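Q: I'm new to this one. Please pick a single part, walk me through it up close, and then carry on to the rest.

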Amino acid sequence: MVIERRWKKWVFFYIPLTVFVLGTLFPFYWMFVTAIRPDAELYRSWRAVNNAPFWTLQPTLEHFRDLMAKTMFPQWLWNTFFIAVISTAISLACGLLAGYALARLKFPMAGALGTSIFVTYLVPPTLLFIPLADIVRDFQLGNTPWALILTYPTFLIPFSTWLLMGYFKTIPKELEECARIDGATRFGAMTRIIFPIAVPGILSAGIFAFTLSWNEFIYALIFLSSPERKTVPVGVVSELIRGDIYFWGQLMAGALLGSIPVALVYSFFVEYYVTGLTGSVKG
Amino acid sequence: MVSVKPAGRAGDIRLAYALLSPALLLLAVVIAYPVGWEVWTSLTDLSPLKDGSTGFVGLANYRRLLADATFWQAALVTVVYAAVTSAGKLALGLGFALLLARPFRGRALVFLAIFLPWAYPAGVSVIGWYWTLNPPTITAYAPFMGQLKYAVDGTFGIGAWAFASVMLFNIWRGSSFIAVLLLAGINAIPQELFECALLESRSAWRRFRLVTVPLLKPFLALGVFLSLTSAFADLSNVWMLTAGRIVFPVIGTHAYWLVIKAGQYGPASALSLTLVPFLLAVLLVLFRLFDPPQERSTA
Amino acid sequence: MAQVMMKDLNKKYDEVHAVKDVNLHIRDKEFIVLVGPSGCGKSTTLRMVAGLEEITAGEITIGDRVVNDLPPKDRDIAMVFQNYALYPHMTVYDNMAFGLKMRKFPKTEIAKRVGEAAEILGIQELLKRKPRQLSGGQRQRVAVGRAIVRHPQVFLFDEPLSNLDAKLRVQMRVELKRLHDRLETTAIYVTHDQVEAMTLGDRVVVMKDGWIQQVGEPLELYGRPANRFVAGFIGSPSMNFVEMTIAETNGALWADTPGIRVKVPPASAARLGPYKGQRLTLGIRPEDLRVATGSDPADYSFDTVVDVVEPLGSEILLDVKAGSNVMVARVDPTVRAKLHDKMRLSLHPERVHFFDLKTELAI
């Protein structure tokens with residue numbers, strides 16, 4: 001019985017889990033190996049002597065050095081960070097207020113307004129980039145971070161509103177009723193009682209928004225043109241690929257470094273993220 | 001007897017609109033106005049490359065589209081792309097979520113690993129895939145991948161390899177998100193229900209089919225929904241993975257090409273708007289499957 | 001310290017008429033309990049007093065102010081909720097101080113009042129803890145403490161003991177009563193538990209379907225229920241009801257149904273005159289039934305068969321059948337009764353109630 005159970009556990013749990021995780025992580029490993037592989041080893045035959053396809057014999061940081069020194073990568077990092085932080089802040093503020101109103105207040109057309117905010121999440125960039133390009137040009141925002149800071153809320157606000165609305169609904173109504181009896185106004189109860197309690201939900205919405213704006217590609221590709229203005233995803237792709245020449249080592253180094261902020265955010269807040277998400281979807 | 005105006009209520013209504021106004025205002029500027037602009041433009045021959053005034057051309061852009069073989073090909077590719085990737089994402093995502101549903105040592109780490117593909121900037125992780133699947137000829141393992149590519153292209157036609165790699169990438173990335181969504185769903189199901197099911201039936205498959213799936217239905221539906229809509233409207237994944245050299249255009253990339261390369265705003269707008277029926281169809285089907293979250297706000 | 005007046009109070013939701021023409025005068029320092037089954041409108045009434053529900057029609061006065069248009073914070077009330085509603089991100093001290101801070105009390109005064117309240121409730125050691133570190137009973141005390149530091153004009157309690165286990169509930173009930181005696185503040189208390197209502201209330205308001213059924217002191221409700229609903233709701237086990245026909249035999253009125261035939265007690269006979277030849281409902285509490293002995297008058301006795309025996313220690317509950325009528329009798333623990341035993345029961349003639357069949361009002 002015990003033996004059978006152990007056998008089952010291997011077949012149904014450990015082996016599939018290992019396969020999944022390996023499949024998930026292999027591209028990252030491959031990027032990593034490429035990033036620390038010297039050019040001499042990168043560009044030579046599969047069958048060459050002393051070749052090790054899945055690891056490297058002479059690890060080097062040369063590509064990272066080149067990336068930092070010869071490209072505008074540090075500037076791209078800063079651009080991306082700046083844009084992601086500001087658009088996240090704007091969207092969170094809007095989502096927080098709108099989510100609260102939709103979750104807690106009774107008012108005419110609540111259902112219609114909630115639905116319309118949610119539906120905007122489904123309006124894809126493919127539909128929007130043409131007119132937005134025109135607007136950006138009209139307001140002469142082209143090639144500035146503001147072009148992106150203004151457009152990212154198109155997908156950030158609906159999602160954070162929805163997520164936070166769900167989270168607010170999991171907070172017992174009595175808490176703010178009690179606060180209102182205790183002497184707070186509706187607004188006061190919201191800011192002093194409900195928002196502090198909703199911190200896990202707010203963090204998870206914030207992480208989500210930050211990731212989405214950090215990773216965004218199409219708008220950044222269309223709205224930013226000069227190299228020193230670009231964000232990491234666009235900069236790496238467009239500046240390190242010249243025609244048919246790929247600077248593979250640097251590309252991979254950039255790909256790894258460019259994701260560090262997001263990775264950090266997740267590893268610190270992953271607990272909050274899951275509780276926040278669970279809270280939201282429950283509501 | 002004495003009918004009194006509800007003071008608290010009126011205050012609530014004012015507060016509600018005040019709280020909603022920033023979000024609504026911003027969305028009106030960046031969504032409602034652009035969509036309106038786009039609908040109008042799709043009826044004109046607007047182009048920055050063309051001098052002189054913009055003319056109203058009625059439904060000409062749409063008529064031309066419907067007669068265009070490229071459009072029909074792009075539409076077909078889009079549908080196949082959306083269907084295949086959604087199925088793949090859902091299957092893998094559900095697998096992940098079920099494996100992670102019970103606590104075990106190192107679960108947090110595995111969770112992080114599984115979430116990585118989604119959290120990782122697609123714009124850069126896609127390069128890793130490109131590098132893996134389409135290596136330059138001088139690279140060490142290029143001959144091997146080259147042979148694979150020719151085998152696939154030989155069997156399914158030119159471009160199949162590129163298309164398959166886009167789908168693989170999309171599934172790899174998307175299943176990660178679906179897994180997290182479903183995991184959140186599983187967490188939201190009371191543990192007692194699973195325990196009760198354990199008493200009722202010894203067959204794990206029956207428990208899965210009769211208890212887990214029905215309880216997860218809203219989350220599954222939401223997953224399918226987000227996955228289908230994002231795939232229909234996909235532009236960035238396809239563009240990125242093929243670095244703009246698109247062999248199999250989907251509707252999104254086709255529209256992008258029309259605007260950026262050809263400057264044809266009118267036809268491009270019309271093309272983008274042909275996505276709307278797709279999106280609405282998905283929306284309607286899923287509205288029937290589950291009450292979307294915002295519907296509950298009125299309860 | 002204040003009285004609370006409700007005048008023609010009504011609450012309508014879209015389709016539900018939750019509270020109907022409630023008129024109630026709650027005196028200063030009175031402890032009044034609203035009781036009734038769920039959905040009877042008791043909580044809605046309380047929430048209207050609190051200002052959490054808009055008043056559809058009517059008027060509420062607290063002290064000498066009409067409060068219809070006042071937001072909750074300006075009504076000078078404090079409320080204790082069923083789920084305690086403690087702010088999870090604040091310590092016990094901050095929870096209790098919140099209301100005073102919002103009203104801009106000086107720090108020293110806040111510390112003094114919180115200290116006093118904590119002492120009264122015996123929660124001094126808990127002040128630095130967070131609510132999640134407390135047991136149910138402790139949370140309940142904190143919730144009460146948070147209400148009393150404010151020295152409000154009126155306390156509102158919304159089923160505050162429902163989430164506690166039975167033993168703790170009895171203990172807290174006693175403490176609440178003692179607290180009220182000490183603070184002498186007007187209190188409105190909502191519960192679905194008639195024992196809580198009877199033990200705590202100076203007066204009890206029984207509600208059903210949005211209507212007030214009866215207002216009165218606990219013993220008044222028990223002894224002279226205004227209608228069949230109140231009679232059945234107050235008292236445990238609840239009153240037995242038997243549908244009977246009134247008939248005159250030899251100048252006296254008799255209540256008659258297959259299996260039971262008892263004389264109408266002389267005290268009620270005059271009122272029952274008009275019901276001659278008609279059917280009505282007879283009500284008798286389980287404690288007003290006993291095993292008949294030779295000295296009991298035969299006019300008030302009838303034969304039954306024992307159906308269920310429930311020994312409780314201090315007493316025995318007998319479920320019996322008389323004809324097709326099912327009744328419960330609360331009898332002395334010394335009674336030896338077995339299933340299917342024949343047993344002759346006798347009812348207390350002064351404690352028989354009669355209710356009109358249609359209006360259900362007491363006759």
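**Two helices up close**

A: Start in chain A, where I117(A), F118(A) and T120(A) of α5(A) meet P158(A), T161(A) and W162(A) of α8(A). Meeting here means being in contact: the C-beta atoms of two residues, placed from the backbone, lie within 7 Å. By class, this contact has four nonpolar, two polar and no charged residues. Nonpolar covers Ala, Val, Leu, Ile, Met, Phe, Trp, Tyr, Cys and Pro; charged means Asp, Glu, Lys and Arg; the others, Gly among them, are polar.

Before going on, keep in mind that this is a predicted model, where local features need pLDDT of at least 70, side-chain atom pairs count only at pLDDT 80 or more, and totals for chains, interfaces and linings use all residues. Residues are numbered from 1 along each chain as its sequence is written, while chains are lettered from A and ligands numbered from 1 in the order they are written. Helices (H or I, at least four residues) and strands (E, at least two) are DSSP runs, counted from the N terminus.

Two packed helices are described by the angle between their axes and the distance between the axes. For helix α5 (residues 110–120) and helix α8 (residues 153–170) of chain A, the angle is about 130° and the axes are 7 Å apart. Axes are lines fitted to C-alpha atoms over the stretch in contact, and angles run from 0 to 180 degrees between N-to-C directions. The pair α5(A) and α8(A) is therefore oblique, since under 35 degrees is roughly parallel, over 145 roughly antiparallel, 65 to 115 roughly perpendicular and the rest oblique. The crossing of α5(A) past α8(A) is left-handed, meaning that the near helix is turned anticlockwise from the far one by less than a right angle.

Next along chain A is helix α9 (residues 173–182), with eight of its 10 residues buried. Buried means 20 or more other C-beta atoms within 10 Å of a residue's own; exposed means 12 or fewer, and partly exposed lies in between. Among the buried ones are L175(A), C178(A) and I181(A), along with E176(A) and R180(A). What do they pack against? The partners are α10 (186–197) of chain A plus α1 (42–50), β6 (77–80) and α2 (92–102) of chain C.

Helix α4 of chain C is mostly covered, with 10 of its 13 residues buried, including V142(C), V144(C) and I148(C). Those buried residues pack against β6, α2, α3 (107–121), β7 (154–158) and α5 (166–183) of chain C.

Chain B, finally, has 13 helices and zero strands. Of its 299 residues, 41% are buried. Where chains B and A touch, the contact takes 75 residues from chain B and 90 from chain A. Helix α1 (residues 7–41) of chain B gives the largest share of chain B's side, 18 residues. That side has 56 nonpolar, 17 polar and two charged residues.
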